[in-house]
Amino acid sequence: MTRIAPRSPTTHVTHRRSVLLTRVVLLVLAIVVVLPFVLPYYSMLVLSFMPRSSIMQPVLHLWPEPWIWENYRRIFFGEWVLSVSIFRAIANSFILAAGQTIPMLLLCSLLAFLFAKWDFPGRHLLFGLSLATMFIPYQATLVAFYLLVSRLGWLDSFLPLWIPWWVPGFAIFFLRQYIAASIPDELIDASLIDGAGILRQYWSVILPLIIPGLVVVGVLNFVNAWNDYIYSNLVFSDVQLYTSTLYLFSFQGSRIAVPEYGMTTAASILSSLPLIVIFLIFQRQIISGLTRGTIR
Amino acid sequence: MTRKLSRRHFLGTMLVGGGSALLAACLPAQQPTPTPTPGSGKLTGRLTFWGHPDHPLERIRDAFKNEYPDVQLDWVLTSDYYTKFQTVMAAGGEGAPDLFWLEASDVQLYGGKGLLLDVTDLIEPIKDQFVPAKLAEAYVPKTGRYYGIPGDVSVSGIYFRPDLLEPIGVTIKDDMTYDEFLDVLRRIAAAGKKAVLYPSGGGGVAAAYWSWFAAQYGGSGVATCDGRQITVDNEAGIAAARLLRDIVATGATLNTDFWTPEYWEALNSERLVLDFAAAWARGFWETNLDATQLGKWRVAPLPRAVSGGPRSGVWGGATLVATAKTQNPDLAKQFMKFAFASMPGCQAAADWGIIPSWIPFLEGPFLKTQFRLFGDQPAPRLWLDLSKELSTAYCRPAIYGPAVDILSTDLDPIVKGQVTPEEGMKAIADKLRGILPDFQ
Amino acid sequence: MLARPALRFRRASERELTRPSRLAMQRGLLVAILCPFIAIVSLFHLVPFLWSLYLSFHRWAGVGVPRWVGLENFAQIVKDATIRAAFLNSALFILVLVPVLTALSLACAMLLNQALLPMRGVLRVLIFLPYLTPAIIAAVIFSILFNERFGHVNGMLQLIGIPPIDWLKTPTGARAVVALTGIWQVLGYTTLITLGGLQTLPQDLYEAAAIDGANAWQRFWSITLPLLSPTLAVVSVIVLLFVLNLFLPYFLFPATSGYGPERSTVTVSVVQYVYAFANRRYGEAAAVGCAVGFVGFLLALLQIRIWRLSRGWMA
């Protein structure tokens, strides 16, 4: 029985000390890096508790002076321009983002599976087409988009904000890489031997294994859908359907400038809270999804 | 905390998402608009309007609702309503609102193409009741018809602080020439104060000033009123550019844009003691200035550019129109008449801060209004006189929109002395001539 | 004799679906799955794109019939001062932001990957927060932060003795603000992607290199970078797309419709929007859009190729 000589007490302590030092140094470094990211949020928070007249004062606002709850109160109870509560707007944002993201995940993962593991005529063309759509700028297509949507009778509904966005190029691209990188062909072989067709393979084999990848694409898409402004503005005229971004933009005041900084910041903090919560919940999956999905 | 996302959980989320999607999609269908019954004393029907939040039309809507409680008025207020409107109109006009607060140049553009409701039968009998310059904005020479009711008269003048100007020996007279005004500016600059604006690059400020000056010099602005010829480089246009350059050369201008925090701060700290401003800007001033400022300001006409010429120019000022595809043309006309050709409507508009173009109101209740900003000065009288002076030769045809964009960048080289006014305006004119065919 | 199936599993293996009825069902399924995909892409992406392609050869003010002008709109990319400035500015932002953001996200990812770093989870969330902010809010905040008289940035610079800089009124300052705001918005996102890539790197390679006596810099250069190059390729394409779609200046400089002082901040995205909706020059805006789409696609391919090559050089 070999006996490993115990470390002498001094080296043990020095080792612990150097670890502690490294931790402190890293923490300081990280805080220095992260601080610029957080400071704007801090200033937003400060401004959201101040009245407009004080915000416009040319002094550095490091703490709300005076502190008012008015901005939040009015937003909660819909006592501003739009006379709907912000919660209604946030609910609409949820509906928009969920209705866009969830079908997208199913459809894109299925398509990605096909592109990654199956051969069929036009495979390269369709994949390239999908990629190319990422590069179409939206401004020039807005008029045609509106024309289509109004002819289809989809105005003032969520449909034009769902259906056209169910097959985004980035999702198909990312998921295809993910499947190619993390699902060995042997698994597909085995299921083929078992007599499984495409759908069975997808449902039983692929889907459970790509959940982290789906989380990544899902959360990113959810965030983008949530923050959409251009298309929501075009489609919705009914105030009851306004999403939180439209709600936020209503604080712009008269076209010629009476910016309500306090209420704008308060509303934007409130409307980004759900996104923050979602990100917190799915944080681990996102990282692991990004881990396994790298391009080889 | 590691959350393993099971397939069941995933399925559950999908169901919830799908369920809520289904729910949201089952929205109530748009109610068919009941036909209004004209002349029966009781108005019913539904009108939609798109505008920005805190819009003058909100007050008018409330006043209208008071008189006719059975009419449904759906006002959609959003920040980017103009893009939305433009996109809808570019796609043919399906889904456009019944009413809209339209820029003068777009009245010419859309009216000329039949996208607006012809309201000649409404305007013709009462056309003498409106300020002539504004009436012209609702009239499209190409078709010879009226397409809206004149809205805000949007005159402009000089806002100044006599209590701060007197100590430096400056008095603003009601009838000055621009030469005298340049002198005033130099005195103000010498005293270390600021007067009027000129942001770096010129921007919208330069374009606005140029437009006023061009009108004051007797020009028609960027193009002739029928929109067929570019006039930005005629004598009036060149003179206007020269005047702009001379104003900036006095060194009195403040380098900031309209209604930025720096602007209000300069006013509140009494650094900016004089500015060109439109009549409707008063509302913004009263909101954004300190309470101590109220009552200390006075308003005066713009200096004259030519003897006998107008002492004011228009800035902004839209026209209330109805779109051609509206389902309720008669109700729309009723609303338009109420809004800007009746006492309660005009009063509501004036309460917001714009000045309606309806003379009976201007010569009536309007004259009794007191503006807190201007203390005891009878400002309404001045605005009324100035609106009658407005040049009818000046127009804002369809090409005015893109012209402003070009002016806001291309006047700067003239101001900086890099090109002469003649050369600079000619360059601008050439650019405009290139795109003119699309704006006929 | 087996019929050659149109649909076959992609491996060069002999295992193929054999029963014809099964095959037909699979073919039918394939069509059923691809149909919605093709329909959506065609109707809502291709058709509008073809419309804008059509527009780019015409002039149109949003009413009436578009007027044919051939290549004149594309010529405006060189002739029109604002459009020219937009392309130049966007090129400048690409040249600056792609390397800077790639390098920064690598540095941050390496920092956040350190096992000894306390509160890693919290820091990751914090760094990602800005990505959740819509551009207009970011613009409001940053225009306050960089305000010359009461902004936080000048306030802090004054504490260390630097006189106030006029950020928003000079061309260089304006570009700096746009760049910094853009970095703030997107760095969290790109850092997380890089972090994901970092975590796949096999540890044994590092141990082997350490045993061989390689120092940290050598390990970084010959192991980390080459293995990470696919991830970094993705990051640089993301940044490219971000810059091409950069609409932030419109919100930062509303008084000049996003042009900024002396046209210093107008980007291709801003000019498309302003020319179409403020100036009613839909044709020229469409030409810019098509040019940007085309060039962007090529640039993305170029970037991927560069990273693939560099991997060969570095390994």
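How many residues does the contact take from chain A and from chain C?

## The A–C contact

Chain A puts in 95 residues and chain C puts in 87 residues. Keep in mind that this is a predicted model. The size of an interface is often given as the accessible area lost when the parts come together. For chain A and chain C, the buried area comes to about 8,500 Å², and carbon and sulfur atoms give 79% of that. On the chain A side, Phe37(A), Phe135(A) and Gln139(A) supply 9% of the area buried against chain C, more than any other three residues.

## What the contact is made of

Polar contacts do turn up: six residue pairs, with both partners at pLDDT 80 or more.

As for where the chain A side comes from, helix H1 (residues 9–48) of chain A gives the largest share, with 18 residues touching chain C. Sort the residues on that side of chain A by type and you get 69 nonpolar, 19 polar and seven charged.

## A sheet in chain B

Over in chain B, four strands make up an open sheet with mixed pairing, running in the order E8-E9-E7-E10. Strand E8 (194–195) and strand E10 (298–300) of chain B sit at the edges, each pairing on one side only.

So how do E8(B) and strand E9 (residues 272–278) of chain B pair, parallel or antiparallel? They go in the parallel sense, over two bridges. Ala195(B) has Leu274(B), in E9(B), as its bridge partner.

Terms used
Residues numbered from 1 in each chain as written. Chains lettered and ligands numbered in written order. Predicted model: local features only at pLDDT ≥ 70, side-chain atom pairs only at ≥ 80, totals over all residues. Heavy atoms only, no water. Contact = heavy atoms within 4.5 Å. Buried area = accessible area lost by both parts, 1.4 Å probe. Polar contact = N/O pair within 3.5 Å; in protein donor to acceptor, adjacent residues only side chain to side chain. Nonpolar A, V, L, I, M, F, W, Y, C, P; charged D, E, K, R; others polar. Pairing = 2+ DSSP bridges.
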